[in-house]
Amino acid sequence: MNSLLIHNAACIATFDHADPSKGRELKDASLFVRDNVIEWIGPTAELPRALRESAGEVIDAHGHLVTPGLVNTHHHMYQSLTRAIPGVQDAELFSWLRGLYPIWAGLTPEMVQVSTQVAMAELLMSGCTTSSDHLYIYPNGVRLEDSIEAAQTIGMRFVATRGSMSVGQSQGGLPPDRVVEQEDAILKDSQRLIETWHRADHGAMVQVALAPCSPFSVSPALMQQSAELARSFKGQGVRLHTHLAENDHDIAYSREKFHMTPAQYAQELGWLGEDVWHAHCVKLDDEGISLFAASRTGVAHCPCSNMRLASGIAPVRRMLDAGVPVGLGVDGSASNDGAHMVNEARQALLLARVGRALSAPETRGGKTFFGCDLGPAEMTARDVLHIATRGGAQVLGRQDIGHLAPGMCADLALFDLRSLGFAGGAVHDPLASLLLCASPQAAYTVVNGRVVVREGRLVTADLGPLVERHNRLAIELANAAR
């Protein structure tokens, strides 16, 4: 039996309550893991001697903050090959996609596998332990297995989404015809992948979701048939994912093509429900928020990407207040150019406050109030960290990750509060300082009880040769499109 003791942490933030303000924050605490599951958590002074003496490995967590492993609910990992690429650096969503589709058409299985490892390494080193990935382009023999095998190598808990595009430019879609697939082939491969790779048991390291790319790249029929296929695996927790209501052009497309809003379109096709989560939802209106809340449909909030592509500010506070499940996503590395989950959470916090300050003034009792005068902040640090952990687990349909308690999977991150970026902050509020101070790298990241980042270094891959190989492939991919 494998066992691990996280000993004498300065603070363990458990997020063990549905209310972000009520989760236990244990000072001078320890956590014991046996067989990949948390067995005990509490003040170090109360740690049973038998557990301390039986630990196969002990991590001295003195001076460290311990949190649940962060959960990334939306990504396109292959896009790390096209970060900061010229020609689309200042583009909005549709022109950005039109500029990149011809480049991504040159992807190979090796490129997908290597870029996935790089993206996951970056996530793990920022304290992220579970990630989804939306791979929706399959040229040159690329398969979803290229991503799944990368996750198994690097040690990340993984929700692999079988993305797809089937409506090319000749049919009124956005992508070039040469990067779309036949819908019968998409559905056949989707079923194969679920049957081969999807697991529904406690602690599953690989799950598969079905993810037609967007309203402007797949047909209504494929959306409906994908939902029917996922739900035919009853009790297996096969989920559905797509992009929705990302920017004004997205809204205009849905109104022109389908004569309804994106949320109405999702409802029409059976794409609302506890087994569905949509990325972005920047332009989700009041009716859409109500539909999502009533059906418990999830949202992956991607603040950095939404800013990078000038899409806008998602109404996250309104979603949460209505009861919409919300998780955090870094989105693709070509619309974020980074995959640092703590920084993503920090940006979510700051952007919510900017959005409040820019909101329309309200009149109360004859007085006019602007957003910044309305009282408490739109979001607190604990609110956002709750979204980045427990919220993400809920969006992905996982009840075994996202908070720290006996019986939960041993997914956690440790941050060294003694480092320069925390100076003068951690002494006042260790947890809030994680977002309010400079975004740190994790000192340790533990996935399923396995230490994959130790003292700030990834232990499951040699990063030097991996990055060198990745950069070579990035140049090769860009040059092939010229």
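Which residues of H15 are buried? The legends below begin with that helix.

The model is predicted, and local features need pLDDT of at least 70, side-chain atom pairs count only at pLDDT 80 or more, and totals for chains, interfaces and linings use all residues. Residues are numbered from 1 along each chain as its sequence is written, and side-chain values use heavy atoms, with hydrogens and water left out.

**View 1. Helix H15, residues 463–480.** Helices (H or I, at least four residues) and strands (E, at least two) are DSSP runs, numbered from the N terminus. The 18 residues of H15 reach 25 Å from the first C-alpha to the last, close to the 26 Å expected at 1.5 Å a residue; the expected span is 1.5 Å times one less than the number of residues. Leu466, His470, Leu473, Ala474, Leu477 and Ala478 are buried. Seen down the axis of H15, these buried residues fall within an arc of 130°, so they line one face of the helix. The arc is that of the directions from the helix axis to the C-beta atoms. An α-helix has 3.6 residues a turn, so residues three or four places apart point the same way. Buried means under 20% relative accessible area, exposed over 50%, and partly exposed in between (1.4 Å probe, protein chains only). Exposed residues Glu468 and Ile475 sit on the face of H15 turned away from its buried side. The buried residues of H15 pack against helix H2 (93–104) and helix H3 (109–124).

**View 2. Helix H3, a mostly covered helix.** Of the 16 residues of H3, 12 are buried, among them Met111, Val112, Val114, Met120, Leu123 and Leu124.

**View 3. The loop residue Pro176.** Pro176 lies between strand S8 (157–164) and helix H5 (183–197), and is buried, with a relative accessible area of 16%. Not counting residues up to four places away in sequence, Pro176 touches Tyr101 and Gln169 (contact means heavy atoms within 4.5 Å). Ala105 is 71 residues from Pro176 in sequence and 9.3 Å away in space, C-alpha to C-alpha.

**View 4. The largest pocket.** About 450 Å³ of space lies in this pocket. On a 1 Å grid over the protein atoms alone, a pocket is an open set of points with protein on both sides within 12 Å along at least five of seven lines, a cavity is a set where a 1.4 Å probe fits but cannot get out, and lining residues have an atom within 4 Å of a point. Of the 21 lining residues, Ala18, His386, Arg390, Gly391 and Gln394 lie nearest the centre of the pocket. Helix H11 (316–322) and helix H13 (381–395) each supply at least two lining residues, and H13 gives the largest share, 7 residues.

**View 5. The largest cavity.** There are 2 cavities of 30 Å³ or more, and the largest holds about 120 Å³ of space. Leu93, Trp96, Leu97, His243 and Glu246 lie nearest its centre, out of 16 lining residues. H2 supplies the largest share of this lining, 4 residues.

How values were computed
Points joined across faces, edges and corners; volume = space filled by probe spheres on them.
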